[in-house]
Amino acid sequence: MIRLLKIKPFSRLMLASAAFVLLLGSVIFVRGAAANDDSADYPAASLSAPTDQTALIARGKYLVAAADCAPCHTGPNHAPFTGGLVMNTPFGGLASPNITADPTTGIGNWTDKQFYDAIHYGIAPGHDWLVFPRFLYPAMPYTSYTKLSYADVMAIKAYLDSLAPVQVAPTPSSMMFPFNQRPVLLGWRMLFFHAGPMHMNPAWNDQMKNGAYLTEALGHCQECHTPRNFLSAMIPSKAFAGAPIDAFYAPNISSDKTQGVGGWSSADLVAYLHDEGNLVKGSPYASMGEMTHHSTSQIPVSDDQDIALYLQTATAPQQVTPPPAAADATASIARGAKLYASTCAACHGAQGAGMGPQMVPNLAGNDSVTAAYPDNIIGATLAGLDPWTAIPMPSFAAQLSDQDIADIANYVRTSWGNTGVPNATPDMVAALRKRAGVAEKTN
Ligand code: HEC
Ligand code: HEC
Ligand code: HEC
């Protein structure tokens with residue numbers, strides 16, 4: 001490190017050029033490799049795009065639903081696909097751009113190749129610091145979309161091109177220095193980004209290949225369900241093991257029989273994805289509610305069956321050690337029982353059975369509340385939730401203290417046959433309040 005600091009400006013320039021040459025080299029290398037992609041790494045339907053324009057656009061519409069492009073590219077008070085959603089990254093706020101075909105504020109002037117480069121390599125047209133390609137931040141999940149076939153990316157473009165172009169002023173981002181400089185992504189890309197398809201097991205049948213493609217490429221399920229390292233890159237050896245997101249926790253959905261979805265009936269998993277939940281496994285909510293509402297409920301049920309098949313049988317089982325029980329767990333659970341009865345039971349039932357399908361979900365037997373970390377009960381109680389279909393869940397942030405919420409979480413995690421660890425603490429609630437942006441009750 002010390003020697004690096006002593007490098008003269010001239011040699012720093014040499015270093016920068018060397019890095020650039022290395023980058024060019026790697027881009028050429030991966031492009032060369034991509035050209036030789038093994039067709040065995042894609043489901044048959046993804047190998048060639050329909051030649052008929054109507055069929056091509058219909059395929060693109062299906063792919064855009066399966067890839068869930070709309071919610072991220074539609075901010076508050078914005079028309080669909082016109083961007084303006086600000087995502088909170090650890091490095092500041094990042095706004096999504098307009099991806100309608102408007103030639104000035106959207107992508108109407110992009111060539112096929114430029115569009116493919118954005119989805120497959122995370123590189124937009126133009127340059128930064130004169131020489132660097134315009135790297136996209138991985139908040140745009142090209143880390144998963146790179147596994148899409150060329151034919152499918154072209155079908156997506158055909159669909160977006162078929163929509164009315166809309167002109168909108170771009171929403172500004174607030175990334176902090178130096179992360180607001182896109183060339184800093186070079187190192188990240190070299191370390192963590194691997195362009196190209198996933199490697200499918202040649203022994204897989206069509207259903208398994210379709211499920212793998214929907215899960216890994218289109219549905220980008222790992223982007224939320226796989227833990228990340230300190231530089232926000234997904235950790236491949238922990239695929240699907242569960243990870244925090246916003247004020248919630250995307251649970252372990254690996255094939256593990258006790259902690260993952262390996263022990264779910266396939267019918268429950270399909271109902272969760274396609275019918276947006278049931279009274280066995282509860283309802284999808286928070287960002288998963290968005291995902292099922294805009295994506296997995298909009299694709300054929302056979303696709304959700306294939307996702308279930310892949311998750312339950314082909315992913316490596318993952319086990320996570322939960323944080324230990326709170327020091328005063330027994331007393332905390334007893335306090336939580338009283339608070340649950342007065343605050344939650346009217347809707348969720350004294351035995352946690354819920355109130356009816358599509359109304360209020362069960363908390364008994366609901367794996368999202370017994371996951372390794374207690375964030376989901378805390379997050380739901382702090383932030384409130386949009387309706388399953390009928391009524392919303394109110395926020396209790398102003399009514400309950402950090403200790404109250406930890407106590408309720410410990411009660412729910414251990415009652416009615418639930419086998420979660422009673423590990424919620426007031427400190428965890430305080431940290432999640434910051435992430436959810438809600439102040440503690442003040443009396
Ligand atoms: C999880 C949120 C998310 C999803 C899902 C998502 N995007 Fe993006 N996308 C973004 C963000 C954020 C950016 C801006 C990245 C940046 O500025 O570096 C972006 C950038 C882009 C760009 C570059 C546009 C430009 O002007 O530079 C294109 C094209 C794009 N997305 C298309 C898509 C398509 C097509 C899909 C679905 C297949 C999709 N996105 C899904 C968040 C998302
Ligand atoms: C934008 C982030 C995000 C993406 C993308 C995402 N999930 Fe989730 N998922 C979550 C969160 C947060 C939860 C916890 C809330 C809940 O249970 O609804 C969750 C919960 C789940 C659960 C319930 C697990 C349990 O133990 O109860 C399943 C099953 C699931 N997701 C499957 C998927 C699949 C399959 C995909 C890809 C098609 C996917 N998720 C993509 C965020 C995400
Ligand atoms: C007014 C009725 C109501 C009350 C009171 C209520 N909830 Fe909820 N709760 C709901 C509804 C409706 C949902 C489904 C939200 C969705 O699917 O987006 C829900 C969902 C949840 C979830 C997510 C589980 C799942 O599968 O969707 C948790 C956790 C939760 N509630 C915990 C609590 C706790 C703890 C309390 C008491 C502090 C409480 N709720 C009080 C209506 C209520």
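Colleague: Where is the place of Asp68 in this chain?
Modeller: Asp68 sits in the loop between helix 3 (53-67) and helix 4. Helices (H or I, at least four residues) and strands (E, at least two) are DSSP runs, numbered from the N terminus. This is a predicted model, in which local features need pLDDT of at least 70 and side-chain atom pairs count only at pLDDT 80 or more, while totals for chains, interfaces and linings use all residues. Residues are numbered from 1 along each chain as its sequence is written, chains are lettered from A and ligands numbered from 1 in the order in which they are written, and side-chain values use heavy atoms, with hydrogens and water left out.

Colleague: Why is Asp68 called buried?
Modeller: Buried means under 20% relative accessible area, exposed over 50%, and partly exposed in between, with a 1.4 Å probe and protein chains only. Asp68 has 11%, so Asp68 is buried. Its phi is near 55 degrees, a positive value in a residue other than glycine.

Colleague: What makes Asn77 exposed?
Modeller: The relative accessible area of Asn77 is 84%, so Asn77 is exposed. Asn77 lies in the loop between helix 4 and strand 1. Asn77 also has a positive phi, of about 60 degrees, although it is not a glycine.

Colleague: Which protein atoms are the donors of the iron atom of ligand 1?
Modeller: They are NE2 of His73 and SD of Met140, lying 2.0 to 2.2 Å from the iron. Donors are N, O and S atoms within 2.8 Å of the metal (3.2 Å for Na, K and Ca); water is not among the atoms, so sites may look incomplete. His73 is in the loop between helix 4 (69-72) and strand 1 (86-89), and Met140 in the loop between strand 4 (132-135) and helix 6 (142-145), so the pair links distant parts of the chain, 67 residues apart.

Colleague: Why is the arrangement around the iron atom of ligand 1 called octahedral?
Modeller: Six donors count as octahedral if opposite donors are over 155 degrees apart and all others between 65 and 115; four count as square planar under those limits, or as tetrahedral if all angles lie between 85 and 135 degrees, and anything else is irregular. Around this iron atom, 6 donor atoms subtend angles of 87 to 179 degrees, which makes the arrangement octahedral. Ideal angles for six octahedral donors are 90 or 180 degrees.

Colleague: Are His73 and Met140 buried or partly exposed?
Modeller: His73 has 10% relative accessibility, so it counts as buried. Met140 has 22%, so it counts as partly exposed.

Colleague: How do you know which residues surround ligand 1?
Modeller: A residue is near a molecule or strand if one of its heavy atoms lies within 4 Å of it. There are 23 such residues around ligand 1, and the closest are Cys69, Cys72, His73, Met140 and Arg182.

Colleague: What polar side-chain atom of Arg182 contact is there with ligand 1?
Modeller: A polar side-chain atom of Arg182 lies 2.7 Å from an oxygen atom of ligand 1. A polar contact is a pair of N or O atoms within 3.5 Å; within protein, one must be able to donate a hydrogen and the other to accept it, and residues adjacent in sequence count only if both atoms are side-chain atoms. A backbone N or O atom of Tyr137 is likewise 2.7 Å from an oxygen atom of ligand 1.

Colleague: What makes the arrangement around the iron atom of ligand 2 octahedral?
Modeller: The 6 donor atoms subtend angles of 89 to 179 degrees, which makes it octahedral. The protein donors are His225 (NE2) and Met288 (SD), 2.1 to 2.2 Å from the iron. His225 belongs to helix 10 (residues 222-225) and Met288 to helix 12 (residues 286-296), 63 residues apart. His225 counts as buried because its relative accessibility is 8%; Met288, at 23%, counts as partly exposed.

Colleague: Why is the arrangement around the iron atom of ligand 3 called octahedral?
Modeller: Its 6 donor atoms subtend angles of 87 to 179 degrees, so it is octahedral. His348 (NE2) and Met393 (SD) are the protein donors, 2.0 to 2.1 Å away. His348, at 11% relative accessibility, counts as buried, and Met393, at 22%, is partly exposed.
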